[in-house]
Amino acid sequence: MTDEGPPVRKIIHVDMDAFYASVEQRDNPALKGRPVAVGGSSKRGVVAAASYEARKFGVKSAMPSVTAQRRCADLIFIKPRFEVYRSVSRQIREIFARHTDLIEPLALDEAYLDVTEDKQRIGSAVKIAKSIRAAIREETGLTASAGVSYNKFIAKLASDQNKPDGLCIILPEQGADFVATLPVRRFHGVGPRTAEKMERLGIRTGADLRAMSEEWLHRNFGSSGGYLFNAARGIDNRRVNPLRERKSLGGELTYFEDKRSNEELRTALDEIVDIVWRRIEMSGTQGRTIVFKARYADFRTITRSKSLTRNVQDRAEFSAIGHALLEQILPAEMGVRLLGLTLSGIDQSGQNLRTDAAAEPFVCAQPVLPFDDVEK
């Protein structure tokens, strides 16, 4: 008997280029070539997506709209049209389904595909990726970038390598060396705060990370140690999972300076409501329980929750319940270093977790995650 090890899969990660903004530029030719931000332009607005013209000025998703406007005076704000984005996403899913039933959506604009056994018997994952990208361009008028590799971790890294409208192939024998050259900030799951900690510890690239023992990584990064140890070696044995079932959707913000006053905390929660509700709208998720989380300056963490007999109706109700839960801990004289909100009690009937082409894409493969890209 021989140990053949884990099977070598053919994985494609497809990521639409500036999806929401590109849809708006497609549907309104006057916006082509101009800096566009999808999101609210109000004082408390948040950028949901930015065109590549806007990104040249440093505008990016999850950025406060007022900051984006300061960076790009000519920025054009467009109100999101989530039903349109979902419709286009369904078109893209239909294209994926021509080649494989193993489709794992991460958001409306990206997904993993396992094409080890492709329906059309093309045989080459690279040819399949090219066919998918060509069909997306022809049928939707949009561009997509794709990464082709032997596992999910590297395929996702590869899809970002030649954006926009690019294709990157990483073979199994190239994986470890490819990862070694990348900054750790590029690793999926390594946000700004983790990257800053790594830099303080002298870890800047995948090669630096690979030099650390698994025991050292567990000691310094807790439960993420095993993931980081494997990632630094180009190892990821996770399967493409088309039946991923979401238990909750939400997020949290950690603050560099503790928030103490009632008004400061209420304003901070407003920002979280904006970002989480945007995620809820993007995914079409419905749920009946709202969970509030706060971590005090001494790292003591508390949660409060409110369950309804029906699904939360709209953003106003979501915000009102979140603020009511916040009021239960006020005044917070000790200071609060983290706030979070989560929608749980998810209505599984609305998630459409089938693998057929008509299935509704859904957002947020992980459960509750920090807003690593907008931490304060």
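Predicted model: local features only at pLDDT ≥ 70, side-chain atom pairs only at ≥ 80, totals over all residues.
Residues are numbered from 1 along each chain as its sequence is written, and side-chain values use heavy atoms, leaving out hydrogens and water.

Of the twelve lining residues, Ile92, Phe96, Leu108, Asp109 and Glu110 lie nearest the cavity's centre. Elements giving two or more residues to this lining are β1 (11-16), α4 (82-97) and β6 (110-114), with α4 giving the most, four residues. Helices (H or I, at least four residues) and strands (E, at least two) are DSSP runs numbered from the N terminus. A cavity here is a set of points on a 1 Å grid over the protein atoms alone where a 1.4 Å probe fits but cannot get out, and lining residues have an atom within 4 Å of a point.

Now follow α4 to its neighbour. The axes of α4 and helix α5 (residues 125-140) come within 10 Å and cross at roughly 145 degrees; axes are lines fitted to C-alpha atoms, for helices over the stretch in contact, and angles run from 0 to 180 degrees between N-to-C directions. Val88, Gln91, Ile92, Ile95 and Phe96 of α4 meet Ile132, Ala135, Ile136, Glu139 and Thr140 of α5, with contact meaning heavy atoms within 4.5 Å. By class, this contact has seven nonpolar, two polar and one charged residues.

Conventions
1 Å grid on protein atoms, 1.4 Å probe; cavity = no way out; pocket = protein on both sides within 12 Å on 5 of 7 lines; lining within 4 Å. Nonpolar A, V, L, I, M, F, W, Y, C, P; charged D, E, K, R; others polar.
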